[in-house]
Amino acid sequence: MPVGGDITEITWNHPTKGSGVLKPKSNEDSTFDEGGIRGNDDANMITTGGQSIRQLNRVRWSFEGTMSWDMNSADEVKQMRDLAGDPVEATFTISHINGTVWKGTGSPVGDIQGNANTATFNLKIAGSNDLKKIVG
């Protein structure tokens with residue numbers, strides 16, 4: 001039976017920036033894209049004779065979710081900005097409440113802005129190759 005729910009923890013390890021732990025906010029949506037090869041969804045990808053034209057392109061893996069932000073000491077927003085600005089990718093592991101664990105090499109992408117009222121920030125991580133399920 002499918003079991004959804006919270007992301008319980010995200011860890012990261014970088015060769016020069018060290019390592020850290022992110023604590024996601026409970027009861028928030030999260031999205032996984034394992035990456036890989038996709039077919040382009042374009043209705044015009046057809047010949048005049050009616051034969052389909054397949055366009056296949058690789059896409060990077062990604063994960064999005066809402067993280068807690070301890071701006072007093074851990075300052076996860078600064079950590080993610082530092083990782084985003086480094087040319088070397090980090091290794092991320094993403095643990096789900098259902099017991100699955102995912103692993104990928106990547107970096108934070110997009111805007112990284114802390115919300116001082118809710119003590120949270122939205123995080124998108126994307127990276128090389130595929131996001132792999134390593135447990136579960």
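**Reading contacts, core and rings**

Student: Leaving aside neighbours within four places in sequence, which residues is Thr120 in contact with, and how should I read such a list?

Tutor: Contact here means heavy atoms within 4.5 Å, and, once neighbours within four places in sequence are set aside, Thr120 is in contact with Lys25, Thr66, Met67, Ser68, Trp69, Gln113, Gly114 and Asn115. This is a predicted model, in which local features need pLDDT of at least 70 and side-chain atom pairs count only at pLDDT 80 or more, while totals for chains, interfaces and linings use all residues. Residues are numbered from 1 along each chain as its sequence is written, and side-chain values use heavy atoms, with hydrogens and water left out.

Student: Where is Thr120 found, and is it buried or exposed?

Tutor: Helices (H or I, at least four residues) and strands (E, at least two) are DSSP runs numbered from the N terminus, and Thr120 is found in strand β10. Buried means under 20% relative accessible area, exposed means over 50%, and partly exposed lies in between, using a 1.4 Å probe and protein chains only; with a relative accessible area of 10%, Thr120 is buried.

Student: What polar contact does the side chain of Thr120 make?

Tutor: A polar contact is a pair of N or O atoms within 3.5 Å; within protein, one must be able to donate a hydrogen and the other to accept it, and residues adjacent in sequence count only if both atoms are side-chain atoms. The partner of the Thr120 side chain is the side chain of Thr118, at 2.6 Å.

Student: How many residues does the largest nonpolar core have?

Tutor: A nonpolar core is a set of buried Ala, Val, Leu, Ile, Met, Phe, Trp, Tyr and Cys residues joined through side-chain atoms within 4.5 Å. The largest one has 20 residues, and Ile10, Leu22, Phe63, Met80 and Phe121 have the most contacts inside it. At least two core residues come from each of β1 (7–14), β6 (61–68), α1 (76–84), β7 (90–96) and β10 (120–135), with β10 giving the largest share, 4 residues.

Student: What stands opposite Ile10 in β2?

Tutor: Two strands pair if DSSP finds at least two bridges between them; β1 and strand β2 (residues 18–22) do so in the antiparallel sense over 5 bridges, and Leu22 in β2 stands opposite Ile10.

Student: Which residues of α1 are buried?

Tutor: An α-helix has 3.6 residues a turn, so residues three or four places apart point the same way. In α1 the buried residues are Glu76, Val77, Met80 and Leu83. Seen down the axis, they fall within an arc of 125° (the arc of the directions from the helix axis to the C-beta atoms), so they line one face of the helix.

Student: How many aromatic pairs does the structure hold?

Tutor: Rings of Phe, Tyr and Trp (its six-membered ring) pair if their centres lie within 6.5 Å; planes under 30 degrees apart count as stacked, over 60 as edge-to-face and the rest as tilted. The structure holds 2 such pairs. Phe32 and Phe63 are edge-to-face, 5.2 Å centre to centre with 65° between the planes; Phe32 lies in strand β3 (residues 31–33) and Phe63 in β6, so this pair ties together parts 31 residues apart in sequence. Phe32 and Trp102 are tilted, at 5.2 Å and 40°; Trp102 lies in strand β8 (residues 101–108), so this pair ties together parts 70 residues apart in sequence. Phe32 is partly exposed at 31%, whereas Phe63 is buried at 0%.
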